[in-house]
Structure formats: structure tokens, C-alpha cells
Amino acid sequence: MASVILVKHLSSFGKWGIRDGEFQKPCGITTDTSINIYVADSGNSRIQKFDRHGMFLAKFGLGEGGWFSKVGKLRAPTGIAIDATGNSYVTDVWVNCINKFDAEGRFLMKYGKSGKKDGEFSRLRSVHLDADGCLWVVDAYNHRIQKLDPQGKFLLKFGKRGDNKEGQGEFYDPSDLAFDDKGCIYVTDTGHDMVQKFDTEGNFLFKFGKGGSEDGELDGPRGIAIDRKRRIYVTDVRNHRVQVFDTDGLFLFKFGSQGKKEGQFDQPYGIAISKQEEIFVTDNQNHRVQRFSIS
């Protein structure tokens, strides 16, 4: 008999606003080794840092220096990754670059610029770090994934625009990616309402999902994360839920529905799983973060 999966809502934090701990359309989310939570507060042009219970700790990305020489100022951050030393890498869709900050939120450098060449971006949505410290970037409007070394040097790319859902390794407005324990890469292909799986070098393996609202169907998938049991969590934005699959793309279970109550969503965007296996979801139109556990 299959085991019953129970999803427990633990807490929520945040509301609409501009003060510390408040959000305007939060997008990407990640955790560090101390289980602190980092949220790309896109509408407020900043990153906010919280403890695992939602207590505000810090904010950064507001810029440093004089008005005409300000550096490290974010405009519309959507994705964030944290390395082993606490440095932050933030994607900004308006200025098409990755901003790097130290563990105290001080600006260090930026990678990339607008364009279509290698190492250039068009509406980059998210960034993730692999075990070697390389950056994997979702370059949404160029419909591809790019890999950079820790210094920002271009290494490889895969994907191209596909205007139908039949092409293998073709994207239409991808949003996020995640790695499994074998290094395979899963990409949310938002415009095609599916997830595509690739090997460690970006070679296409298979895809799953299709447009719709039934179990295993997706409508605007965006965030993606994988837990220690190799379960794949996908934020199903316009169906206002999270769906969970195995690494073969088989639907396992779902949680959430449209609404404003605890455990309900209005367009969930980002998702992260802490080392304690707690699940954090940015509830974009409800301007909050919700925290769950799975039995």
C-alpha cells in the first residue's frame, strides 16, 4: 500500500508593504547553511533575510555610494543563490546582470550585460550554484540556460527558442532550475507548461507535464526544488498550487489551492527546501512566504 503524504502548514510571514519584513510581489527564495531565508523582494527592489521562523534579520541591494555613482542597486531581483561562504548571487531582470554581495550584504561585483552573446542575458530569471561553485543561469528571453565559472566566465549553454511543445531541449520563457543528487538538471519551461530534464552537460533526457489543471498538468510552472528523497516540487502558478513528481516525471501529490487563507496561494512563484526539509514558498500576489513540512 502506498504511503500517505501529509503536508502541514507551519507558518506564514510577510504582507504587502515597504517596511522591513513586508513584500511587494516576492519571487525567488533560497536558504543558507544556517537555515536563514533569503527572499527576492522584487517590487521593493531588494533582498530580505529572515530566520527560519520569519523574523526579519537584514536587507541589502539598495545600493552603495553617491546618487550618481551608486553600485549594487537592485531594480527587479527575481532569483538568489548563496555559496558556502555566505556570498549572494542575485539575478535582476531589469538590468540583465548578476550582482554578487558578501555575507554582510555589501556589493562585490556584477556579471553579464544585456545581449544575446555568450555571457549576455535577456531577462534572466534565476541562478543556482553547483557543487563546484559554478553559476547556472536561466536566461529567459534568450530561451536558454548558461553556465558560468565562479568568476563569471562563460562555460557552456543549452537550449533555444521553440514555438511549439514538441521540440526537445527547446524552451519558451524558462524560469527556474534544480539539480538532483546525480547532477541532472530540471528546468521549468514556463511558456510550454512543462518541466524538461537534462544531464550534467545539458543534453536533453526527457520532459513531463502539459497544459491543464488536472494532476500532473501545469499552468505557468515557475519555481522548482528537489528534496533528499528525490521528490521534485514545482510551483504551478496559475493553478495556485505546488505539485510534486518523482525523477521520472510521475505525479506524486499536490498541495495548495487559490485563496488567501493559510496554506492557500495566489500565484506561488519561488520554492526552496531547507536542510531540515522544510519547504518555503513565495506567495507572490499574497505578498508573503509560507512554510510547510512533509510527513
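Although Gln-267 is not a glycine, its phi is positive, at about 65°. Most residues other than glycine have a negative phi. Residue numbers start from 1 along each chain as its sequence is written. Because the model is predicted, local features need pLDDT of at least 70 and side-chain atom pairs count only at pLDDT 80 or more, while totals for chains, interfaces and linings use all residues, and side-chain values use heavy atoms, with hydrogens and water left out.

A positive phi of about 65° is also found at Ile-35, likewise not a glycine, in the loop between strand E2 (26-31) and strand E3 (37-41). Ile-35 counts as buried, at 7% relative accessibility. Ile-35 is in turn among the residues in contact with Arg-52, together with Ile-37, Gln-276, Glu-278, Phe-280 and Arg-291, when neighbours within four places in sequence are left aside; contact here means heavy atoms within 4.5 Å. Arg-52 itself belongs to the loop between strand E4 (46-50) and strand E5 (56-60) and is partly exposed, with a relative accessible area of 22%. The C-alpha atoms of Arg-52 and Arg-222, which are 170 residues apart along the chain, are separated by 23 Å.

Two further positions are buried. Asp-92, in strand E9 (residues 88-92), has a relative accessible area of 0%, and its contacts beyond four places in sequence are Leu-74, Arg-75, Ala-76, Pro-77, Cys-97, Asn-99 and Leu-124. Between Asp-92 and Ala-40, 52 residues apart in sequence, the C-alpha to C-alpha distance is 9.5 Å. His-287, in the loop between strand E27 (279-283) and strand E28 (288-294), has a relative accessibility of 14% and is counted as buried; with neighbours within four places again excluded, His-287 is in contact with Gly-14, Lys-15, Trp-16, Phe-23, Gln-24, Lys-25 and Pro-26.

Strand pairing is illustrated by E12 (residues 124-129) and E13 (residues 135-139), which run antiparallel and are joined by 5 bridges, a pair requiring at least two DSSP bridges between the strands. Within this pairing Val-127 stands opposite Val-137 in E13. The two strands, E12 and E13, form a hairpin with 5 residues between them, and Gly-133 in the turn has a positive phi of about 85°.

For the protein chain as a whole, the secondary structure comprises 0 helices and 28 strands. The radius of gyration is 18 Å, close to the 19 Å that the globule rule gives for 295 residues, so the chain is as compact as a globular protein of that length; the radius is taken over C-alpha atoms, and the rule is 2.2 Å times the number of residues to the power 0.38. The C-alpha trace spans about 60 × 40 × 30 Å along its principal axes. Of the 295 residues, 58% count as buried, and residues 24 or more positions apart account for 43% of the contacts with a separation of 6 or more.

Conventions
Helices (H or I, at least four residues) and strands (E, at least two) are DSSP runs, numbered from the N terminus. Buried means under 20% relative accessible area, exposed over 50%, partly exposed in between (1.4 Å probe, protein chains only).
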